[in-house]
Amino acid sequence: VLALLKYTSPLLKASGRPALNLILPLGISFYTFQSMGYLIDVYNGKYAPEKNPAKFALFVSFFPQLIQGPIARYDQLAPQLLAPNRFDADTFKSGALLILWGFFKKKVIADRALPLVAEVFGHQGAYGGAVIVIAVLFYSLQQYADFSGGIDMVLGLSRMLGLPMSENFNTPYFSQSVQEFWNRWHITLGAWFREYLYIPLGGNRKGTLRTIVNLAVVWLFTGLWQGGGGNYLL
């Protein structure tokens with residue numbers, strides 16, 4: 001379903017045929033991966049299947065993280081959704097402050113950097129190298145503040161409901177290496193690909209060449225997950 005909705009129109013357009021103009025549901029990549037993780041875990045015997053369809057639907061459609069994650073594991077999130085939960089004023093306040101912080105990152109930082117990025121990226125021939133470098137740095141800032149700000153609002157809302165969720169960013173731009181950066185950026189997506197694709201392919205246990213191939217496969221699918229355009233694939 002995910003492949004049909006995300007990639008059919010770009011492939012038809014690239015081949016010169018009319019696109020289908022399919023409507024892409026909000027957050028389909030996230031709840032598709034969340035559902036796939038559940039099915040794979042049940043298939044591998046990690047836990048028993050949920051017999052109640054309403055409880056499973058609650059896990060898949062938990063509204064704060066439906067649009068942009070984080071991608072939750074069934075054994076981590078479902079017990080919290082089904083457990084008794086009492087109102088706690090301190091937790092509610094902490095969640096509200098986290099929402100405000102996310103809103104600040106999104107509206108004050110990301111949305112203020114976006115006009116510069118759009119102008120330079122849209123008319124790069126009119127600007128010199130130094131300005132383009134600054135625009136690239138602002139794009140990195142805008143992308144991080146936009147995505148992590150949204151995630152902060154998701155985590156804050158979930159915390160207000162008394163349901164802590166997994167962190168998705170851990171100050172990635174303070175990383176000491178590229179490997180550390182990817183362990184601290186979009187953490188739940190990286191963990192999903194590592195557990196359900198990289199390790200089943202053999203991970204780094206079968207020699208250097210096989211490790212490189214496995215990493216390339218993961219990067220390929222990460223690009224395809226982002227979108228159907230050739231830029232994502234590259």
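Reader: Where is proline 70 found?

Author: This is a predicted model, so read everything below as describing a prediction. Proline 70 is in the loop between helix 3 (53-60) and helix 4 (74-82). The peptide bond from glycine 69 to proline 70 is cis, with omega near 5°.

Reader: Glutamine 65, buried or exposed?

Author: Glutamine 65 is buried, because its relative accessibility is 2%, and buried means under 20%. Glutamine 65 is also found in the loop between helix 3 and helix 4.

Reader: What does glutamine 65 touch, leaving out residues up to four places away in sequence?

Author: Gln34, Phe59, Val60, Pro70, Ala72, Val154 and Met165.

Reader: Let me step back. How many helices and strands in the chain?

Author: The chain has 10 helices and 0 strands. Along the sequence that reads α-α-α-α-α-α-α-α-α-α.

Reader: And what box do the C-alpha atoms fill?

Author: Roughly 60 × 45 × 45 Å, taken along the principal axes. Of the 234 residues in the chain, 35% are buried. The accessible surface of the chain is about 14,200 Å², and carbon and sulfur atoms account for 66% of it.

Reader: What share of the contacts join residues at least 24 apart?

Author: 58%, counted among contacts between residues at least 6 apart in sequence.

Reader: On to charges. How many salt bridges does the count come to?

Author: The count comes to 10 salt bridges. In one of them, the side chains of glutamate 195 and arginine 73 meet at 2.9 Å, N to O. Glutamate 195 lies in helix 8 and arginine 73 in the loop between helix 3 and helix 4, so the pair ties together parts that are 122 residues apart in sequence.

Reader: Is that arginine 73 buried or exposed?

Author: Arginine 73 is buried, with a relative accessible area of 17%. Glutamate 195 counts as partly exposed, at 31% relative accessibility.

Reader: Which residues are linked with Arg73 and Glu195 in a network of salt bridges?

Author: Asp41, Lys46 and Asp75 are linked with Arg73 and Glu195 in that network.

Reader: What about lysine 105, which side chain does it meet in a salt bridge?

Author: Lysine 105 meets aspartate 152, at 2.7 Å from N to O. Lysine 105 lies in helix 5 (residues 89-122) and aspartate 152 in helix 6, so this pair ties together parts that are 47 residues apart in sequence. Both lysine 105 and aspartate 152 are buried.

Reader: And lysine 106, what does that one meet?

Author: The side chain of lysine 106 meets aspartate 111 in a salt bridge of 3.0 Å, N to O. Aspartate 111 is buried, with a relative accessible area of 16%, while lysine 106 is partly exposed at 22%.

Reader: How far apart are the mean positions of the positive and negative charges?

Author: They are 7 Å apart, for 19 positive and 12 negative charges.

Reader: Change of topic. Which residues in helix 8 are buried?

Author: Thr188, Leu189, Trp192, Phe193, Tyr196, Leu197 and Tyr198 are buried there. Helix 2 (28-43) and helix 9 (208-226) are among the parts that cover them.

Reader: What is the phi of histidine 186?

Author: Histidine 186 has a positive phi of about 45°, although it is not a glycine. Histidine 186 lies in the loop between helix 7 and helix 8 (187-198), and is buried with a relative accessible area of 5%.

Reader: And the phi of threonine 171?

Author: Threonine 171 has a phi near 35°, again a positive value in a residue other than glycine. Threonine 171 sits in the loop between helix 6 (129-160) and helix 7 (178-184). Threonine 171 is partly exposed, with a relative accessible area of 37%.

Reader: Last one, rings. How many aromatic pairs are in the whole structure?

Author: The search finds 26 aromatic pairs. Tyr144, Phe147, Phe169, Tyr173, Phe181, Trp182, Trp185 and Trp219 form one aromatic cluster.

Terms used:
Residues numbered from 1 in each chain as written. Predicted model: local features only at pLDDT ≥ 70, side-chain atom pairs only at ≥ 80, totals over all residues. Heavy atoms only, no water. Helix = DSSP H or I, 4+ residues; strand = E, 2+ residues; numbered from the N terminus. Buried < 20%, exposed > 50% of the residue type's maximum accessible area, 1.4 Å probe, protein only. Contact = heavy atoms within 4.5 Å. Areas by Shrake-Rupley, 256 points an atom, 1.4 Å probe, with all protein chains shown as cover. Lys, Arg positive; Asp, Glu negative; His and termini not counted. Charge placed at Lys NZ, Arg CZ, Asp CG, Glu CD. Phe/Tyr/Trp six-rings, centres within 6.5 Å; stacked < 30°, edge-to-face > 60°. Salt bridge = Lys/Arg side-chain N within 4 Å of Asp/Glu carboxyl O.
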